[in-house]
Structure formats: C-alpha cells, structure tokens
Amino acid sequence: MDTVLQLLLKGISQGCVYGLIALGFVLIYKATEMINFAQGELMMIGALIAVTFTQYLQWNYFVAVVLTVLATGFIGLLLERSLLRRMIGEPPFAVLMVTIGLGFVLRAVAGMIWGHDPQELRTPYSDVVINMGDIVLGVSNLVVIGGTIALCIALFLFFRFTRIGIAMQASSQNQLAAFYVGIPVKRIVALTWALSAGIAAIAGILFAPLTAITPNIGFSGIKAFAAAIVGGFGSLPGAIIGGLSIGIIEQFMQYHFGKGLGDTSAYILLLLMLLIRPSGLIASMQKKKV
Amino acid sequence: MRFVLKTNYGRDIDIFKHRAHAAWYIVLIGLLIIAPLFLDVFYETQLTELFIWAIAGAGLMLLVGYTGLVSLGHVAFMALGAYIHAILYSRGWPLVLSIPASAIMTGGIGVLIGVASLRMTGIYLAIATLAFAMIVEKVLAHWPALTGGHSGFRVDDPTLFGLSLDSSTAYYYTCLTVLLFVFLAVINLLRSPTGRSFIAVRDSEISAQALGVNLLRTKTLAFALSAALTGLAGALYAHRIGFLFPDAFTIMTSIMLLMLVVVGGLGSLHGVVFGAFFITIVPQIIAIVRDWLPTELVQRGGLEPLTFGAVLILFLVFEPLGFYGRWVKVRLFFSQFPLYRKKTFLRQKSYLKTERVH
Amino acid sequence: MLEAEGISVSFGGVHAIQDLSFKVEKGEIFSIMGPNGAGKTTVFNLISRFYDVDEGRIAFEGEDITKVSPHAIARKGIARTFQNVELFEHETVLKNLLIAQHIHKKTSVLTEFLFTPKVRKQEIAFRRKAEDVIDLLHLQNYRETTVDSLPFGIRKIVEIGRALCMDPKLLLLDEPSSGLNPEESEDLSFWIEDINEDLGITIVMVEHDMNLIGQVSNRVLAMADGKELTTGNPEEVRVHPDVVDAYLGT
C-alpha cells in the first residue's frame with residue numbers, strides 16, 4: 001500500500017511536469033495549428049536559466065523564478081518573431097520540421113553554454129521532506145502538484161475573463177475572421193508563443209529539483225506530446241489529465257517491469273492511443289468539406 | 001531555352017527527354033565507375049556512404065515527397081534492415097539471400113505501419129512513427145540474446161559467391177550497383193500508374209478516392225516500398241560500419257534522413273542525390289571548421305546537430321523546394337535571361353481557418 | 001440508371017437530407033437545384049460514398065451501392081467533380097488526366113518496376129485517351145502547365161476532363177458554372193451537351209445558374225432543407241410556387 005502511494009505521488013508530480021509541457025503544445029496548437037516540437041527544449045532552457053540565476057549569480061530564489069519565466073517567455077517571443085512568423089500558412093509538416101530543427105539547435109546551444117554535466121537546481125525546499133508514517137513526501141513533489149494546480153486556475157481565469165485571452169481563443173478558431181473584427185492576430189500569436197514558453201519555463205523550474213538537469217531533459221517533450229495526445233489535443237484540462245496518466249503509468253510500469261519498459265511505456269501508450277482511439281483526437285476535427 | 005518536339009507518345013514516356021540529357025547521365029555514371037582508379041580510400045568510402053544514404057533517401061522520398069506521408073521514424077527501418085541482415089548473415093545465409101530477405105522483412109513491418117497510417121492524418125502519423133522508432137530502439141537495446149544489446153553485434157565481412165567484398169573498392173561497386181538498380185526501379189515506378197496513384201494521394205485524398213484509388217492499398221504499398229528500400233540501405237550500412245549497436249540508430253539519423261529529402265528537394269529524385277551529397281559532406285566541413293574554433297567550444301560538442309538543425313530551418317524557411325528547387329530556378333534564370341522574373345516562384349500564403357469544432 | 005429511394009442523413013441532429021427519392025434515366029441530363037444549404041452537395045457525397053446514408057438506399061444500374069467502399073464507386077462507372085475543384089495541384093494537366101485513368105490500369109507493381117513493354121503500351125494508350133480529352137475540351141495550351149498556376153475557370157474544365165478520362169457512365173458535376181464568367185459558362189453548356197450526346201454519358205449536376213439549367217437539362221429536382229420540392233422539366237420547376245417560395249422566402 002505504501003509503495004503504491006509512493007509511486008502514485010511520484011507519478012503525479014512527474015505527470016504534472018508532462019502536463020505542463022503538454023499545456024504549451026496545446027496552447028500553440030490552438031492558436032496557430034502549429035505543433036511546437038521544441039517545447040521540451042524550452043523547458044530545458046528554462047531550467048538552465050533558473051540554475052544560472054540561482055547558482056551562478058546567487059540571486060534570491062523567488063526573484064530568479066520570476067525572471068526565468070520572463071526570460072524564457074522573451075525567448076519564445078523572439079523565436080516567433082524571427083522564425084515561426086515566416087511559417088504561417090506553410091504546410092504543417094514544414095512547421096513541424098522547423099520546430100524539430102529548432103529543438104536540435106536549442107539543445108546544441110545549451111550544451112555549448114552550460115556543458116553536458118548534470119546540474120542541480122537548489123531551492124529553499126530542496127531537502128525538506130514530510131514523514132507520514134512510512135511514507136516519505138518530498139516537498140519538491142508537492143510543490144510541483146501545487147504549482148500546476150495554481151497555474152491551471154490562472155490560465156482558466158485568463159482565457160475566460162481577460163480581453164487578450166478571449167482574443168487568443170478567437171484567433172485560434174479563425175485567423176481571418178479575427179483579423180476582420182480588429183484583433184491584432186500577429187501580436188496575439190506572438191503572445192501565445194511567449195505564454196507557452198513561459199509555461200515551459202515554469203515546468204522546467206518545477207521539474208528541475210526532481211532530477212539532474214542536462215541539455216537532454218528536453219527529450220521528455222516527446223512524452224509530454226504523448227500526454228497531449230492522450231488528453232485529446234486541443235483541450236487544456238485534457239493536457240493535464242493526459243500528463244498525469246502518462247506519469248503514473250510510467251512509474252508503475254517501471255516499478256513492475258524494470259526501467260526498459262518504464263521508459264517505453266509512454267511511447268507504447270502514444271501508439272496505442274493513436275491506433276485505437278484516433279477518434280479521441282479527431283473528435284475535435286471535422287472531415288474535410290468538399 | 002530548349003524546346004523538345006515530341007513526335008510520339010513514347011518520347012513523353014522515356015526517361016531521358018533528349019540526347020544531350022541522356023549523354024550527361026552516361027558521363028556521370030561513367031565517372032562514378034572509373035572514380036576508384038584515381039580516388040584514395042577515404043573518398044571512396046565517403047562515396048560509398050553517399051550511395052547508401054541515397055538508397056535510404058529514395059525510400060523516404062517515395063513516402064514523404066511522393067505520397068505525402070511523413071515519417072519521423074525511418075531510422076527504425078534502417079536499423080531493422082541492418083540487424084535482420086547481420087543476424088541472418090551470421091547464421092550462414094548467403095549475402096544474395098540475406099540482403100533481399102532483410103529488405104522484404106523490413107517492408108513487411110512497413111506494411112503494418114502503413115495499415116495503421118490510414119487511421120491517422122499528417123502530423124499524428126509523423127508522431128506515431130517517431131514513437132515506433134523509439135520502441136524499436138529500446139527493443140534492440142534490451143534484447144541482448146538476439147541483438148547483442150548495448151555491447152553490440154559484429155557484422156561478418158561480406159563475401160559474394162566466395163568473392164570477398166571487404167575491400168573498400170569492391171564494396172564501392174556493390175553499393176553503386178544496388179543504387180543504380182534502385183533508382184531505375186523507382187524512376188520506372190514513378191512513370192507508371194502506381195507512382196501516379198501515390199501522387200494522387202499526396203495532393204488530394206478525396207479526389208484520389210473519387211478516381212478509384214484505394215487509399216489503404218496505396219498507402220500501405222508506399223510504406224512497404226519505402227521501408228524495404230530503407231531496410232536495404234540499412235543492410236548495406238551494416239557492412240559499412242562493421243559493428244552494430246543501438247546508438248548507431250537514433251532519432252538523429254531519422255532527422256538526417258528527413259533533412260536529406262527536404263534539403264535535397266521534396267518530390268524529386270535529383271533531390272535525393274543532392275541531399276545525400278549534402279549530408280555526407282557536412283560532417284567533413286565541420287571537421288575542417290573545427291580546427292579554427294576555440295577548443296573549449298569544440299570539446300563541448302554539439303556542432304553537428306547545431307549545423308544540421310540550423311540548415312534544416314533555413315531551408316524550410318527560405319527554400320522549401322530544397323537544392324533541386326534552387327537548381328531549377330538557376331537554370332530558368334539562365335535560359336530566360338534577361339527576362340527572368342523573381343515573382344514566377346512567389347509562394348502563396350494561406351490563412352488558418354481551422355476545421356476543429358471547438 | 002441511378003435511383004435513390006427515401007434516403008436520409010443527419011449530422012449531429014441536423015437533418016441534411018430527409019426522405020429524398022429521385023430517379024435518373026439513362027442518357028439524360030438531370031439537374032439538382034436549390035438554395036444554399038439545401039443539401040445538394042450532400043446528395044453527391046452520399047452517391048460518392050464519402051458519407052453513409054442513415055436510411056434508404058441508392059442503386060446504380062440496379063445494384064445497391066450504399067455499402068460499397070468509396071474507391072470502388074469509380075469502378076462502377078461514376079465520376080464526379082467538386083464544387084471548389086480538387087485537382088492534383090502540383091502536377092501538370094496531362095499528369096492529372098493520366099492519374100484519372102487509374103481504374104483502367106492492368107499492370108502490377110513488379111512489372112512497373114521493370115517497365116515491361118506491356119507497361120509502355122498501357123502508358124501510350126493512357127496518353128492517347130488523355131489527348132482525346134484535351135482535344136475535346138480545348139486544353140492544348142495547358143497540357144504541360146501545373147495546375148496551381150492555372151486560372152480557376154480553366155481548372156474547372158480540367159476537372160471535368162479528368163472525370164471524362166475515367167470513361168464513366170454517369171458524371172456528377174458539382175456546380176460546374178460557379179466561378180466562371182458568362183462566356184465560359186456559355187462554352188460549358190455546349191460541352192455538357194457534347195459530353196451527353198456524343199459520349200453518351202448520363203449527367204447529374206448540382207447548379208445555381210437557371211440559364212444553364214434551362215439550356216441543358218431534361219429534368220430538374222428542386223430541393224430545400226434536405227427535402228424534395230418538386231421534380232419536372234425546367235420551365236415547370238422555375239415557376240413552381242414552392243420553388244419561388246424557397247428562393248424568395250415567405
């Protein structure tokens with residue numbers, strides 16, 4: 001029972017990270033119908049920037065967090081401005097390839113700047129654990145869960161009540177129509193990129209204390225993508241739910257069948273999902289009209 | 001400008017459009033045949049590698065460039081081809097049997113993915129193939145009894161009917177021969193009804209269906225052929241590297257293959273050759289540039305993925321038609337000089353109007 | 001030749017077609033007219049099997065085709081065009097016409113790899129057929145032009161040509177005149193008559209242009225909101241009170 005709880009908790013906190021990266025996927029997908037495969041790399045960059053601020057520059061943790069989110073958001077903005085804006089209206093495959101290329105570039109650049117040695121993000125709560133009977137709860141794990149919940153509520157309110165949030169929804173459904181009614185579509189798309197990069201940074205900051213940070217942690221982007229798919233791509237709560245299920249399944253598979261199957265379980269789940277329930281994804285898609 | 005007067009339908013069907021056209025290719029093939037006489041071993045092996053990439057590229061081009069199905073997992077087929085061939089060969093199968101067998105078996109696995117591809121569209125298929133490649137990589141690593149796992153698998157030296165192909169020259173000719181046959185077969189396919197049905201599926205599935213093209217059959221066939229060719233390239237690659245291990249076949253290879261077709265030029269076989277040339281030469285250029293860079297930077301590595309990633313982005317943004325597209329433009333520039341207009345190739349933009357319901 | 005009996009289809013609670021029946025005789029030109037959203041194109045999509053009928057049956061030459069798979073419809077001898085043109089954009093006009101002869105292909109992949117004399121003979125036959133269609137529709141100037149650089153009017157003609165390359169018995173034209181200028185529509189009406197009389201192809205067309213309908217069609221089915229209003233010859237239908245109501249509103 002205790003192991004089950006322990007695994008569950010670990011899975012949930014890991015799943016929250018996947019869910020947060022998946023949120024970024026879904027946001028950009030909804031706004032521009034692009035899939036940003038560099039989302040995992042943005043998370044990695046966010047984590048490394050946070051390390052730089054706290055470790056190398058010795059800034060206060062909370063100041064560092066805010067600045068990291070802003071800096072990563074700015075990187076997202078720059079990427080949109082310089083690169084992805086040119087890809088609007090190009091075939092989706094080309095856009096996907098551009099973001100894959102971007103992932104490679106970001107990973108290589110991160111490797112050149114920060115090196116490939118594992119780094120650690122020290123937080124005020126790093127070593128704090130709560131003992132409840134036989135169960136050991138890392139506060140880091142709890143912070144991930146709490147942070148995710150808070151972020152979800154904030155996003156919900158943002159999309160529901162702010163002008164920008166509503167404009168984002170409008171331009172995600174029909175860019176031309178949104179443009180006609182006076183929404184500055186280009187600026188909205190740029191903002192969406194900044195927002196999703198910012199969310200990736202938050203994911204990175206939350207994730208970092210749980211693991212060693214190397215430029216390769218961006219690969220969990222693919223698992224996060226699986227999460228987005230499981231959640232039905234296109235719904236924000238779905239992304240979180242998808243992330244949680246992937247995180248939990250991964251932990252249990254790893255516990256029962258070893259690391260090999262634990263690592264692959266996300267991909268197997270992704271394949272199965274795409275094969276068995278493509279309607280889960282295409283449910284939000286109409287058949288092409290002729 | 002050259003105008004070709006077609007006096008019968010056969011002229012339209014022929015591979016070479018006019019005499020000079022044929023002559024150029026004969027010269028090229030002739031040069032490749034005599035090349036080992038004056039090239040040293042290093043360039044010979046580089047060319048051999050180029051041939052292998054071109055075979056795999058032709059396979060992926062059939063799928064991406066002609067059928068419009070994107071696969072991010074082609075490395076899996078390459079790995080499967082290499083391992084299946086190496087295992088069969090080590091168990092005493094002759095080369096002439098084990099290479100085709102590995103291609104056919106890889107093609108068979110391609111059929112499975114092809115059947116699945118009918119249920120997914122565009123990007124979802126790309127992701128599914130990526131997941132497939134991840135799984136294949138893990139299986140290769142975690143099945144040591146068959147594949148040697150992480151400690152690797154030694155590939156026996158190639159011999160054909162008692163004749164050793166182990167020398168770099170012999171292997172050069174082997175790969176060149178296979179490449180020429182593969183290209184001939186693919187060109188033939190593309191000027192036949194089946195090749196055209198691939199193009200139909202790429203440009204409009206709806207129309208293709210209305211014209212009687214069976215989507216399931218066509219997509220499955222495209223996947224099978226593509227996988228088989230890539231598997232064939234994998235089998236040849238096995239002898240080229242001599243030692244197989246899971247890390248030789250990572251997602252990076254998939255991306256390189258995709259880059260080959262994109263940078264070369266989607267939807268053209270010339271593009272395959274350009275692309276194969278490109279991905280063989282880039283590591284050499286990097287090796288030269290490396291000497292000029294500060295050692296501290298070089299030691300951290302990452303120059304290769306950086307270059308590949310950046311080049312991929314630049315091509316997709318500025319020249320989506322790849323080297324072949326650029327070549328067509330340059331050719332047109334000279335043939336129409338001074339009347340060439342840049343606007344001829346202006347790309348049309350479209351606005352997003354989603355087909356999502358919510 | 002083509003017979004629909006009480007077909008109904010609904011999408012998520014919206015009744016697109018309700019209990020519609022009609023019968024097309026061999027050799028005639030049958031038009032379907034109606035205001036936007038009447039379900040005209042849906043009828044075509046049901047015949048092409050892009051949608052499943054919820055109720056009723058569609059028969060072609062006495063054979064039930066409501067369960068046939070979409071690609072098999074072409075082999076039965078039914079060709080169609082699309083409202084907004086669905087051509088193979090990156091290919092030349094000639095290539096489009098060649099692709100259309102897919103159902104007549106008799107070679108296998110293996111012989112195609114080797115490009116045996118049989119494949120070559122078939123290719124020559126395909127080109128001959130394509131040239132016939134090019135001559136019929138005066139497309140000589142565009143033979144080697146890629147479709148995406150053609151004006152819309154020409155594309156519509158190419159699409160009709162592509163359908164003809166299939167040697168169909170029945171041709172479904174979805175709004176053939178939309179997007180054409182008056183002169184092009186005029187040409188179109190002659191071609192439709194030629195196709196019908198000289199090639200002996202039965203034609204069903206969805207159309208808005210009453211002039212074109214009046215010029216070429218033998219019978220007209222008027223529909224609104226997925227239901228039949230009336231069927232008859234063009235003059236009768238044009239003045240039928242229900243049709244006038246449907247167009248002008250009440």
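The model is predicted, so local features require pLDDT of at least 70 and side-chain atom pairs count only at pLDDT 80 or more, while totals for chains, interfaces and linings use all residues. Residues are numbered from 1 along each chain as its sequence is written, and chains are lettered from A and ligands numbered from 1 in the order in which they are written.

**Chains A and B**

Select chains A and B together. Their contact takes 48 residues from chain A and 45 residues from chain B; two residues are in contact if their C-beta atoms, placed from the backbone, lie within 7 Å.

Next, on chain A, select helices H4 (92-114), H7 (175-180), H9 (220-230), H11 (259-276) and H12 (278-282), each of which supplies at least two residues of the side that touches chain B. Helices (H or I, at least four residues) are DSSP runs, numbered from the N terminus. Which helix gives the most to this side of chain A? It is H4(A), with 16 residues.

Colour this side of chain A by class: 29 residues are nonpolar, 14 polar and five charged. Ala, Val, Leu, Ile, Met, Phe, Trp, Tyr, Cys and Pro count as nonpolar, Asp, Glu, Lys and Arg as charged, and the others, Gly among them, as polar.

**Chain C**

Move to chain C and select domain 1 (1-77 + 168-250), then domain 2 (88-167); the bounds come from an automatic or database domain assignment. The C-alpha centres of these domains of chain C lie 26 Å apart.

Eleven residues of domain 1 of chain C are in contact with ten residues of domain 2 of chain C. On the domain 1 side, helices H2 (70-76) and H7 (182-198) of chain C each supply at least two residues, and H7(C) provides the largest share, three residues. By class, that side of domain 1 of chain C has seven nonpolar, two polar and two charged residues.
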